[in-house]
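These are my notebook entries on one structure. I set down what I looked up, entry by entry.

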Amino acid sequence: MNGGCGKIREEVLSAYVDGMADGATLRAIAAHLLDCDACKALVADFRHQQGLLRQLKAEPLSAPPEFWANAYRVARLSKSRGSQSARPRFGFSWSVPQFAGIALAAVVGAVIGSQVQFGRVDITSVPVSRQAGPSLDVSTLVRAHADYASQQPLADNAHLTMVLSDASAQGSPSDGLLAADAPTLGSVMNASATSD
Amino acid sequence: MSVDPTDDSALFESLVARHQDRLYRVAYRMAGSHDEAQDLLQDALVEAYQAFHHFRRGTYFDKWIYKIMSHTFIDGTRVKKRLRFESLDDPVAGDETGSAREIPDSESDPSVRMMREELAEPVQDALNALPPEFRLILILADVEEMSYEEISEMIGCPIGTVRSRLHRARAQMRACLIKSKYRDFN
């Protein structure tokens, strides 16, 4: 793309098109343009482009007839619902309380995760060991996890899924997993879900 | 039509009604399509109505609501960057001819249709290719013919930034028009 000759900054030439320069600068640019084809062509392009954009105003554009009545109705409804329907300025479509709730859950989850990582909370009654796959008692793990999940709603259910898939991959017995007295994975997930 | 100044809802609607054509036009230029323009305008009206108690009576309502719409537009484009949208210009799945989806132009006036095909569409395509901040400033300056001071107030940046951003927007638009071999840009 060809620009000006470089003696005058393009930004100054752009402002010149809008008359946005002091008198002395405007005169200096006008004098330069008499002798510089490159800058003259650039200014001409900027003016031509500006003219095209101004013509866009002539295009008849209007909203559908029902748009405005609907828009006002939505605006009134959103105001009457208060902050719940207010869109936060950061552009998400969630309401502020929803976003705050999710942020709080993330913080609590991070805290619990750090507690588990540093071994301060033992979420299973049986140590999990990939090498000890055949002797893994899955039903005990499920029961322990269910107990923990009922006390700690944000418990890491993904951990239980990983343990179960490890156990089944290494052929460990599933005794008790589907027994009537053992909680199912689904009931564990449902029990630990937070209700609104 | 006289409006009770204590009735916020009626006053708000009457103020919007005075500027609705221009509001829609600007929203369309920002958003690039009728559907997205209506979404943008809807969001802006909700924001404006909720903030109407902050609007100082006697000041310029149009500048106030354009400011809200500008911020809504920029915020919205940041969200859209994270989402994947299917473009209407992409070929329809299974369409071996590779033709893009077409929406029939219901405009019956041939002069308007010609104006749209020869000017509005190629120029709007070039506008749509610009980053949102550049598109916004070009619309305010060169379509709506606002002054640098008005633009500065509307988008909340110094006049020097308006000047430099406007230059970069113009340069990029010029490059788009040259690349598309639009008339008189060679």
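This is a predicted model: local features need pLDDT of at least 70, side-chain atom pairs count only at pLDDT 80 or more; totals for chains, interfaces and linings use all residues.

**Entry 1: Leu40(B) and the cores**

I then looked up the largest nonpolar core, which has 48 residues. Leu40(B) is one of those with the most contacts inside this core, together with Ala27(B), Leu41(B), Leu45(B), Met69(B) and Ile137(B). Which helix gives the largest share of the core? I noted that it is helix H1 of chain B, residues 8–31, with 9 residues. Apart from this core lies another, of 8 residues, and I recorded Leu13(A), Tyr16(A), Cys39(A) and Phe46(A) among them.

**Entry 2: Leu15(B)**

I stayed with helix H1 of chain B, where Leu15(B) has its place.

**Entry 3: Chain B as a whole**

I recorded 7 helices and 0 strands in chain B. Along the sequence, the pattern of chain B reads α-α-α-α-α-α-α. Chain B has 186 residues, of which 31% count as buried. I then took the contacts in chain B between residues at least 6 apart in sequence, and found that 55% of them join residues at least 24 apart.

Why do I describe H5(B) as largely enclosed by the rest of the structure? The reason is that 9 of its 12 residues are buried. I listed the buried residues of H5(B) as Arg135(B), Leu136(B), Ile137(B), Leu138(B), Ile139(B), Leu140(B), Ala141(B), Asp142(B) and Val143(B).

Just after H5(B) comes Glu145(B), with a positive phi of about 55 degrees. I noted that Glu145(B) has this positive phi although it is not a glycine. Glu145(B) lies in the loop between helix H5 (132–143) and H6 of chain B. With 13 other C-beta atoms within 10 Å, Glu145(B) is partly exposed.

**Entry 4: Helices H6 and H7 of chain B**

I next examined helix H6 (residues 148–155) and helix H7 (residues 159–179) of chain B, whose axes come within 9 Å and cross at roughly 100 degrees. I therefore recorded H6(B) as roughly perpendicular to H7(B). On the side of H6(B), the contact is made by Tyr148(B), Glu149(B), Ile151(B) and Ser152(B). On the side of H7(B), it is made by Ile159(B), Val162(B) and Arg163(B). I sorted the residues of this contact into 4 nonpolar, 1 polar and 2 charged.

**Entry 5: Chain A**

I turned to chain A and recorded 8 helices and 0 strands. The pattern of chain A along the sequence is α-α-α-α-α-α-α-α. Of its 196 residues, 17% count as buried. Among contacts in chain A between residues at least 6 apart in sequence, 64% join residues at least 24 apart.

**Entry 6: Where the two chains touch**

How many residues of chain A are in contact with chain B? I found 37 residues of chain A in contact with 45 residues of chain B. Helix H1 (10–17), helix H3 (37–55) and helix H4 (67–80) of chain A each supply at least two residues of the side that touches chain B. By class, that side of chain A has 19 nonpolar, 8 polar and 10 charged residues.

One helix pair across the two chains received a closer look. The axes of H4(A) and helix H2 (residues 34–50) of chain B come within 9 Å and cross at roughly 40 degrees. That angle makes H4(A) oblique to H2(B). I noted that the crossing of H4(A) and H2(B) is right-handed. From H4(A), the contact involves Phe67(A), Ala71(A), Val74(A), Ala75(A), Ser78(A) and Lys79(A). From H2(B), it involves Gln38(B), Leu41(B), Gln42(B), Leu45(B), Val46(B), Tyr49(B) and Gln50(B). I recorded the classes in this contact as 8 nonpolar, 4 polar and 1 charged.

Conventions: Residues are numbered from 1 along each chain as its sequence is written. Chains are lettered from A and ligands numbered from 1 in the order in which they are written. Axes are lines fitted to C-alpha atoms, for helices over the stretch in contact, and angles run from 0 to 180 degrees between N-to-C directions. Helices (H or I, at least four residues) and strands (E, at least two) are DSSP runs, numbered from the N terminus. Angles under 35 degrees count as roughly parallel, over 145 as roughly antiparallel, 65 to 115 as roughly perpendicular and the rest as oblique. Two residues are in contact if their C-beta atoms, placed from the backbone, lie within 7 Å. Ala, Val, Leu, Ile, Met, Phe, Trp, Tyr, Cys and Pro count as nonpolar, Asp, Glu, Lys and Arg as charged, and the others, Gly among them, as polar. A crossing is left-handed if the near helix is turned anticlockwise from the far one by less than a right angle, and right-handed if clockwise. A residue is buried if 20 or more other C-beta atoms lie within 10 Å of its own, exposed if 12 or fewer, and partly exposed in between; C-beta atoms are placed from the backbone. A nonpolar core is a set of buried Ala, Val, Leu, Ile, Met, Phe, Trp, Tyr and Cys residues joined through C-beta atoms within 7 Å.
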